[in-house]
Amino acid sequence: ANDEVRQVFLRRSAILREIRAFLHDRGFVEVETPMMQAIPGGAAAQPFKTHHNALGCDFYLRIALELYLKRLLVGGIDRVFEIGRNFRNEGLSRKHNPEFTMLEVYQAYGDYESMMELVQSMVCQVAQNVLGTLRIEHQDAAGQVTRTINLTPPWRRAKYKDLVREKAGADWFEATPAQRRERAVQLGAEIAKEYEDFEVTQAVFEKLIEPTLIDPVFVTHVPKELIPLAKLSPEDPTTVEVFECCINGQEIAPAYSEQNDPIAQRERLEHQAGGEQQKLDEDFLAALEHGMPPAGGMGVGIDRLCMMLLGQESIRDVILFPQLKPK
């Protein structure tokens with residue numbers, strides 16, 4: 001009923017059309033993978049559970065697209081992507097909806113550097129062709145410009161540890177875990193009792209650093225504990241070859257040099273699963289043993305990308321039917 005709202009969703013459709021055109025022009029193949037999975041993998045998130053009557057077993061709504069798309073790399077589809085819904089049984093917020101749209105892209109013989117070029121070129125082409133500009137204005141309710149996002153390439157790069165040191169002190173990584181925890185609380189980050197040491201550092205990054213990154217930044221060399229599906233950095237084995245592309249104060253696109261060593265991948269996933277074998281996707285690990293080429297992989301949160309490009313402050317404003325509590 002509201003013309004301004006209707007224009008947001010017409011532009012969202014145009015953004016998706018432009019993303020597909022960009023990837024098709026580069027030789028990527030669009031596929032569809034299962035939404036119901038026996039083991040929810042590819043991310044650390046709480047899944048929704050359902051039951052299949054005919055098969056007599058439980059399934060989970062997928063939390064990520066990743067592991068099935070990597071099976072297709074093993075199967076010889078060297079450039080593959082999917083735009084689809086993910087489901088995470090977690091909180092609601094300005095940035096989070098339990099049902100959301102993701103783009104995931106995988107390119108054989110690529111790495112996180114080639115993914116940087118891909119996402120930068122893709123977002124700039126989408127902005128230019130759909131909006132006609134690389135400078136995105138966000139306005140308040142009164143129509144006053146609150147911030148301008150400049151997408152003009154090349155985008156800035158910054159190492160994760162350097163950003164944390166700038167905010168939390170040059171000696172952050174030399175301090176003891178207890179000292180880091182105390183300092184994080186003093187800085188204003190919310191720290192749960194059960195947080196491990198790397199989670200304390202990540203809380204500082206997410207709560208105090210990420211919201212300040214308005215223009216595009218590739219945050220590189222992320223701690224290995226956060227990303228078990230990526231390759232270790234040769235220059236610093238405590239980190240992985242990963243970037244998180246942050247724009248408009250939130251992560252828009254993470255990307256990796258994908259881990260394709262089946263032994264190393266099994267060790268990392270076993271650690272993430274806490275020794276619970278039923279959480280391991282043995283079919284995926286078997287696929288890796290057949291041989292996955294070195295690859296770059298990237299995910300883009302479509303809803304957050306639309307928030308940034310269309311000047312919307314809440315994820316609900318770019319989803320036609322956001323999740324609401326039934327009356």
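## Strand β6 and its partners

Strand β5 (residues 79–87) pairs with strand β6 in the antiparallel sense, over 9 bridges. Two strands count as paired if DSSP finds at least two bridges between them. Within this pairing, Arg79 stands opposite Gln107 in β6. Strand β14 (residues 295–301) also pairs with β6 in the antiparallel sense, over 7 bridges. Here Glu104 stands opposite Gly299 in β14.

Buried means under 20% relative accessible area, exposed means over 50%, and partly exposed lies in between (1.4 Å probe, protein chains only). Strands are DSSP runs of E with at least two residues, helices are runs of H or I with at least four, and both are numbered from the N terminus.

## About the model

This is a predicted model: local features need pLDDT of at least 70, side-chain atom pairs count only at pLDDT 80 or more, and totals for chains, interfaces and linings use all residues. Residues are numbered from 1 along each chain as its sequence is written, and side-chain values use heavy atoms, with hydrogens and water left out.

## Salt bridges between separate parts

A search of the whole structure finds 18 salt bridges. The term means a side-chain nitrogen of Lys or Arg within 4 Å of a carboxyl oxygen of Asp or Glu. One of the 18 joins the side chains of Arg20 and Glu30, at 3.0 Å from N to O. Arg20 lies in helix α1 (residues 3–25) and Glu30 in strand β1 (residues 29–30), so the pair ties together parts that are 10 residues apart in sequence. Arg20 is partly exposed, at 28% relative accessibility. Glu30 is partly exposed as well, with a relative accessible area of 32%.

Asp171 forms a salt bridge with Arg183, and their closest N and O atoms are 2.9 Å apart. This pair links distant parts of the chain, 12 residues apart. Asp171 sits in the loop between α4 (160–168) and α5 (177–187), while Arg183 is in helix α5. Asp171 counts as partly exposed at 39% relative accessibility, and Arg183 counts as partly exposed at 21%.

Glu66 forms a salt bridge with Lys70, with the closest N and O atoms 2.9 Å apart. Both residues lie in helix α2 (residues 66–74). They are 4 residues apart, about one turn of the helix. Glu66 and Lys70 are both buried. Together with Glu258, they are linked in a network of salt bridges.
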